[in-house]
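Subject: Structure handover

Hello,

Here is the structure I promised to pass on. Please open it first, then read my notes below.

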Amino acid sequence: MNIAEEPVVLRVTNVTKSYAGVTALANASFDLRAGEVHALVGENGAGKSTLIKILTAAVEYDGGEIALNGAALPRLTPRQARTLGIAAIYQQPALFDQLTVAENIALGTENAGPLSRINWRQRRERAVELLARVGAHIDPDSDVCDLGMAQQQLVEIARALGANARILILDEPTASLSKDDADNLLRVVRELRADGVAMIYISHRLEELFHIANRVTVLRDGCTIATLDMCDVSRNQLIRLMVGRELTSVFPKRVVPLGAPVLELQHVGCRASGVSDVSFSVRAGEIVGLSGLVGAGRTELARIIFGLTPADEGQIAVNGAKVRILSPTSAIAHGIAYVPEDRRRHGVVLQMSVTENISLAALRELARNGSLDVNREHDIAVEYSRRLGVRTASLRSLVATLSGGNQQKVALGRWLVTKPKLLVLDEPTQGIDVGAKSEIHSLMMDLAEQGMAILMISSELPEILGMSDRIVVMHDGTVADVLDRSEATQERLLARALQRETREFTSFFAAANER
Amino acid sequence: MSALLSRMSRRHAREAPPTAALGIVLIAMGVVAPSFFSAGNLRDLALNNVAVMIVALGMTLVVLTGEIDISVGSQFAVCSVAAGMLAKAGVPIMLVPVFVLALGVLMGALNGLLIGMLGLPSIIVTLAMMVAWRDTLRWTTDGAWIQDLPANFQWFGMSPEAAQLMIMAVGVALATSGAWALRHLALGRRVYAVGADAEAARLAGIDPRMVKFGVFATTGMLVSIGAMLNAVRFSTVPSNAGIGFELQAVAAVVVGGTAITGGRGTILGTVIGVALLGAIGTALTYVGIGPFWVKAIQGLIILAALGGDALFTRLARRAHLPARAVVAH
Amino acid sequence: MQLSLTEARLPLRVRLFPNKEWVLLIVIVAEVVVYGITGTNFATLGNAFEITRLSVEIGLLALALTPVIVSGGIDLSIGSMMGLSAVAFGYFWRDAGLPIPVAIVFTLMIGMAGGALNAVFITRFKFPPLIVTLGTLSLYRGIAEGVTGGVQHYSGFPAGFLHLGQGYIGGHVPTQLVVLALVALWSAWSLHRTGAGRALYAIGHSAEGARYAGIPVARRLATVYVLSGAAASLAALVYVAHLGQAKSDAGTGYELMAITAVVLGGASIFGGRGTILGTLLGLFSIVLLQNGLRLTGQPAELSGILVGVLLIGTILVDVFTQHAATRAAPSPTATEQPDVRNSQVAVLSAVILLGALIVAASNWVLVNSLRHDLRGGPSMTAASPGATATHRTLIAMMPKAKGDPYFISAHKGADSAAAALGVDLLWDGPTDLDAAKQNEVVEAWITRGVNAIAVSVENREAISTVLRKARERGIKVVTWDADAEANARDFFVNQATPEGIGNTLTDEAARIMGGSGELAIITASLSAANQNEWITFIKLRLAAKYPRITLVAIQPSDGDRDRAFAETQTVLKVHPKVKVVMAIAAPAVPGAAEAVKQSGRKDVKVTGLSLPNMCRPYIKSGEIESIVLWNTMDLGALTVRVAQALASGELGAGASTLDAGRMGSFQVVGSEVRLGLPFIFNRTNIDRFNF
C-alpha cells in the first residue's frame, strides 16, 4: 500500500491559536491520509496538545483552516467532532470510573437523543464485539475502576471504534503501559491501519514510531518544522529537528566511587500490594535501576520503602541499622525521599506556589519555636530552584502554571531540601521534554557524585541502561534478576522481566503479538 | 440466569444495607406491634412521607451529579404558600398546579443557572438560596397562614379517598418513572456520566452544564409537585412549611446508598431510605419509646448506613480482585 | 524567563487578603457608612462592642471551621455539639456537683470526644465529612434531647461564671470578646504560621499529594475535627454564660451561619483556600448587616436576602477572577496582571453596585411604607399633622417568634393601639424561638435608644440581665405574655399564669372527657420552655383532681402543622382509646383536628391552646370542642398602652387600675397588669372573634 496515493482525510493548514495573548500554535500544517499512522513529535510545549484539542473541538482555533475529506470544517462542538469520526485516546484514559465497561463504550457510541431508550442487551453485545476487535477479554459488566490502565485504554479504543472513528488520535498511549501491554496496543494500531483508519500518533518513545508510523510531522514552538516519511529519517535527525540542536550525549553517565550500603532489603514483602521476597541493596553514590513491566511491583516496592504501604515481612536496613518504616514520616526521618510517578497528583501540589511546594516536605525543619520561618523558606526556595534550574515567572507562581519538566524539578527540589541519603525516583523523566530530561539526568549524576544513593524506576530501557550502575529486574512482585551495568542489554532486561528465554526476542517490538 | 442474578446483585449492592435495616425494623414491628401494619397506618405513613420522597427523588438526581441542593426546604415553603395564594386569588384549582410547577421550575432553574452555567459551588449557592427564599417568604407573609381557601382546595375538590389514592399514585408514578428514566433513557445515563466524571462526559459529547442545569430545574419541579400534593391534604397553608426538608432528603438519599461524590446510586435506594427514616419515628411511638431519642437513632442510622456501605465496598473489592488480574493475559 | 530570585515580598494587600477578602472590607465600610447615617446610634463605641459580643459564639465556630474547610472538609455537627456540650456542662456542674473549672474541662473533653468520633469516621473509614457530620448533627442533638428528655435545663450558675458571657473587662470590653480575640490570634498563628497549618492547605488542595510529601494527613485531619469539637464546646460555655441557662437546643442552626461566615470570608468549599482574617471579616460583615438593619428599623428578613446575595456575589467575583487568571496563564511566561485587574474591577463594581441598589431599594421601600403609615393612620392625620417623628414616643415590642400566628395577632392589636395612642411602634424579634436572638434584639434597642421595651420572654434567666441593663439606661421595660425576673422589668402584662393555663386546659379536657379516659398531648418542640411548664401543671392538676384520666402520650410537633397532623394520626392508632387530644401549640391544634377529621373518628375531640381564626372551621365542624386562649389582640394593645403609660409617667408603682380607652379598665396588682382570665372559645362564641 502506498500511502501517498491514499486520499487525504484531514488537512490542517496554517492553524493558529493563542491563549490570552500567549501563542500556543503559530503555524501548524499537516495532512493525514486514510490508512496511515502519522506521528506527531515535538518537545513539550511545542503545541501538540493544543493541536489535539483543536481537532477534537475541545478548544476553538483562532485562524487557519481545517478540512475534513476536502471540505472546510466549521466550528464544532466535541460531540460534532465525534460524530464526524474524530476520536482521541489520551495517556490518562478519560473513562467513567464508576460506570461499567459496556456503558462506557455505549456513552461514546450511541448518538441517540436524550429521550431515546437504552437497550442494555444490545449494549452488552456490542461491547463484547468491539472489545474482541481490540483483542481484549474484559467482562463488559465490570466497573472501569476495577480495570488496569492498559485495559482502560483498550476500552477507550473500543469505544472510539464503536463510534466509527475514521480518525484516531493517540496521545502518548504507551507512556504508562508495560512492554507487553504496549506491544498489544501497537498490534491493535496496525490492525486498525489495515482497516483504513487514519491515526495521529504522539509519543516520546521515538523507537515506537519507527515501527508503526508511516510519516512524521515535527512541531517546534507551535510551527510545523517538517513532514517526512518515517523511512527517510533517523532517530538523531528527529531529535535534532525537535530541539533544533544535536544532543551530544544523551546520558551523562560518569563513574562514581561507591560507598557503604545505604538501603538493604532482605526478603521484604507486603501482601496487600503483592510484593514478596525482595532482596537487594543500594550503596552511597550508586544508581540502581529498577526495571520490569508495569504491574511487576516496582512502584509498589517504592511505596513500601517510603512507608506508604508498610512492609509486613522481611527486613529493611538503612545505613546498616534495622528500621521499621511505617509511614512517610518515619521514612523521611531515616533519610529516604521518594519522587512519585504521577507527578501532577502526587509529586507536586498543583495549586500551591513553587516556594510552598519546595518547602512542603521540610516544614518541620523550617519551624522556629513552633513558627514557620518564612524568610528561611524563601531562601531555600531560591537556592533549590536555582540549583535545579526551575524556569518560572516567579517563585509565587502556582506549580500548575509550570511545564511538566519544571514541575518535575520542583518535585525533586522538595526532596533535596530534606537532604536525603536515599532518593527513590519513580519514572523521573516520563512525559517530559528532551531538554529537561537530560537536565534531570545530569542532576542525578551530580547527586550520586555527592554520595547519594539513588533507586530509579523506569520503563524506558535506554534510560535504565544509560544511567544505572546496577539493574534490578522485577517480575510478578519479586526480584527476577540483578544485573551489572556491563552485562545488561535491552534484550536481556526484557527477557528477565518477562521470564522467558532471550532468543525469543529477535527484535524490540515485533514478538509479543502472539499470546 | 446466574449471570443475570450476579449482575443484578452487583448493580443493587449499595441498596443492601438500608434494605436490611428496613427489614429489621419491619420484622421487629411485626413481632412487637403487629398493628403497625394496619392498612390505615401504612396509608398514613405513605401520605405523610410522599412529599419528602418526591423531594428526595430530586435530591437523588442532584447528588448523582455530584452536587447538593439544600434550598429544597425553602423552595417547598415558597411553593406551598404560592399554591395557597393562587387558590385564594381565585385561580381555578386545576390551574394552580400549573403555576406552582412553573414557579418550582423557575427556582430550580435559578440554582441550575448559577451552578450549572456559571460553575459556582452548589453547597454555597443553595445555602444562599435557602436563607434568601425563607426570609423572602417571612417578609412577604409576615408569618401569616393562608386561610379561608376555596372549599375545593382541599383534595382538589375530589373525595378524600380518591385524592389520597391520586397523591400516592403520583408518588409511585414519579418514583417508578424516575427510576426507569435513570436506567433506561439516555438522559438518565447522562446524569450518571456527569456525576462519575464531568470532564470525561464533556469529551463524550455530553454537556455537563446542561445536565446540571436540568437536574436542578427538575428538582425544583419535583419540589413544587411535592409541595402541591402536601398542601391539598389540608384546608389551610402554613407559611413555615418544609423546615428541615433539605436534611431529611439528603439523609434519605445517603442512607439509600447514593454516593455523595456522585455517579452511583439509585431511586430504589432513595425510596428505601425515605421509608426507613420515615418509619422509624412512628415505629418508636408504636413500641412505646418516647420521641426524645428519634433524632439520635436517625443519626445512628446514617452513620450505620455509611459503615455498612464501607464494609460492602471492601467485601466487593476483595471478591473482585482475581477478576481484575485475569483479564489482561 | 529566568526568574528574579531575590524578588521582594508580596504587597501587603496580597499577603493579607490572598483571596480578595478586601471586597468584604469594602462591604463592611459601606455598611458602616450607610447604617451610620441612617441608623440610630449605630456608629458608637458601645454598639461596636455589643456587636462583637453577639458574634462570639458563631465566631468561635467559624474560626474552628476555617481550618476544617481549608483542609477540604466540613463539620455540620458543631451546632449540635453546642447543644450537647451545654447540657453536659449543666450536668457536670449541677448534677455531678463538680466545681466550675472542672466542669469546664470535662465539657471541653466532651467536645473533643465528639470531634474525635467525626475524625475516626473521616480519617479511618474515609467517609465524606459532609455525610459523617450530617449523621452526628442528628446524633449529638438527639443525645442532648434524649438525656434531658428535652425538658430538663440547667440554670442558676454562679456569677463568676456568668461574667464570662455577661460581664465586661475594663468596663467596656465584653469578656467573651477577649476569648474570641485569643482564639482568633491562636488560630491565625497556627493556620498561617506553623507547619501544621501549611500542611492543611496542602491537604485541602490534594490530600494524596500531601501524603506523598510525608505529611501525616490522617493525624492533621483528626486534629482539626477534634479542635472543632472543642471550639463548639467553648462556644457552648460562652453561650451558657451569656444566657445563664443550659438547654439541649443551644446552637441550633449555628452551623449554617458559621459556614456562611467562613465562605463569605473567601474560603473555598473545595479546600486549600481561606484565612482567619477573611473569616473574621465575613463574620463581621454579616453581624454588622443584621445589627444595622435592626438599628435602622428595617425588617430583619432583609438580612437573609442580603446575605444570600452577598454570598453569591462574592463567589461570583471569585470565579470570574479565577477564570480570568487561568485563561491568561496557560504558560509560565504569561504576564496576565492587567487583564485580570480590569475584569476583576468590573465584576466587583457590579456586585457592589448591586448591593448598594438593594440597600437603597430597601430604604426606599421602608421610607415609603413609613410615610404611608404616618399619613394613612387615621388618628395621626387628624391629631397632629405637623408633629415630627422625633418627638414621638418609640416603643419597641418583641414577640417570642415573629412568624407565630399567636404573635401575629398580638402585633395587629399592638399596631392599632399605637396608632390610637400616637406612639411609634417598633416590632422585631427572632423568626423562630431563639433566646439568644432575643438578647441580641434588646441590645440593639438599647443602643438605638427607645423609650420603652416590651418583651415576650422566651428564657427568663437569659433575658433578665439585658433587661436590667436597659432599665439602667432609663428605658422603661415591660414584659408581656411571659415574664422575666421581677427586678428586670417595671411591669408585667399578665394574660394568664402557667398554672392558670394548665388548670384551665386540664379542666376543659376533663369536662369533654367526662372525667375519665385517656388523654394525649401534642406539644411544640420537646425543649419548648413554656409548653414544658404547662405540661408540668397539667400533670399536677390531673393527679390532684382527675385520677381517672391517664395521660398516655406527649408527642412533639416542632411548631409544624404537618408534623402535628402525622403525630396525631399515629397517637390515635397506637392509643385507640384516647378521647381527647390536647394540642398546646397554636399550629398544632388545626393539625391535630385535621388528623381527627381524616380518621373519621367522631368520638375523639381536640382541645388546646390556639387562635380562633385558625381553628374556626374545625370548631364549626365539631372536631375541635373548644380552644383556650385570651384575646391576643387585646394583649398586644394593652401591652402598648402599659408601655406608653410608663414612658409618659402616667403609670407608676402603686397604681391599682389602668384605663385603656376602648378596652376599658384593667386591674393592676403589684407590678402586674391583669388582662383577665383565659377565655374558652367554642361553637357558640367563636364568630365574635377575628384574630
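At what angle do helix α8 (residues 159-166) of chain C and α12(C) pack, and how far apart are their axes? The angle is about 105°, and the axes are 7 Å apart. Axes here are lines fitted to C-alpha atoms, for helices over the stretch in contact, and angles run from 0 to 180 degrees between N-to-C directions. α8(C) is therefore roughly perpendicular to α12(C). The cut-offs are under 35 degrees for roughly parallel, over 145 for roughly antiparallel, 65 to 115 for roughly perpendicular, and oblique for the rest.

First, some ground rules. This is a predicted model, in which local features need pLDDT of at least 70, side-chain atom pairs count only at pLDDT 80 or more, and totals for chains, interfaces and linings use all residues. Residues are numbered from 1 along each chain as its sequence is written, while chains are lettered from A and ligands numbered from 1 in the order in which they are written.

**Confidence**

The model scores ipTM 0.86 and pTM 0.83. pLDDT is the predictor's confidence in each residue, from 0 to 100. Chain B has a mean pLDDT of 87, with 91% of its residues at 70 or more.

For chain C the mean is 84, and 88% of its residues reach 70 or more. Residues 1-6 of chain C fall below 50, with 10 contacts in the model beyond near neighbours in sequence. Residues 370-389 of chain C are also below 50, with 11 such contacts.

**Domains**

Domain bounds come from an automatic or database domain assignment. In chain A the assignment gives domain 1 (3-85 + 166-243), domain 2 (100-164) and domain 3 (261-513). The C-alpha centres of domain 2 and domain 3 of chain A lie 36 Å apart.

Chain C is divided into domain 1 (52-290), domain 2 (389-496 + 634-674) and domain 3 (498-629). Between domain 1 and domain 2 of chain C, the centres over C-alpha atoms are 35 Å apart. In the contact of these two domains, 8 residues of domain 1 meet 8 residues of domain 2. Two residues are in contact if their C-beta atoms, placed from the backbone, lie within 7 Å. Helix α12 (residues 217-243) of chain C gives the largest share of the domain 1 side, 3 residues. That side has 3 nonpolar, 5 polar and no charged residues.

Two terms need spelling out. Helices (H or I, at least four residues) and strands (E, at least two) are DSSP runs, numbered from the N terminus. Ala, Val, Leu, Ile, Met, Phe, Trp, Tyr, Cys and Pro count as nonpolar, Asp, Glu, Lys and Arg as charged, and the others, Gly among them, as polar.

**Chain B against chain C**

This contact takes 62 residues from chain B and 60 residues from chain C. On the chain B side, the elements that give two or more residues are α3 (39-64), α6 (122-141), α11 (245-255), α12 (267-287) and α13 (294-326). α6(B) gives the most, with 13 residues. By class, the chain B side has 37 nonpolar, 19 polar and 6 charged residues.

**Helix pairs**

Back to α8(C) and α12(C). F161(C), L162(C), L164(C), G165(C) and Q166(C) of α8(C) meet V238(C), A241(C) and H242(C) of α12(C). The contact has 5 nonpolar, 3 polar and no charged residues.

In chain C, helix α5 (residues 78-95) and helix α7 (residues 129-148) pack at about 25°, with axes 7 Å apart. α5(C) is therefore roughly parallel to α7(C). Residues in this contact include M81(C) and L84(C) of α5(C), and Y140(C) and R141(C) of α7(C). The classes are 8 nonpolar, 3 polar and 1 charged.

In chain B, helix α4 (residues 72-88) and helix α5 (residues 96-117) pack at about 150°, with axes 9 Å apart. So α4(B) is roughly antiparallel to α5(B). Among the residues in contact are V78(B) and L86(B) of α4(B), and F99(B) and M107(B) of α5(B). This contact has 11 nonpolar, 2 polar and no charged residues.

Best wishes
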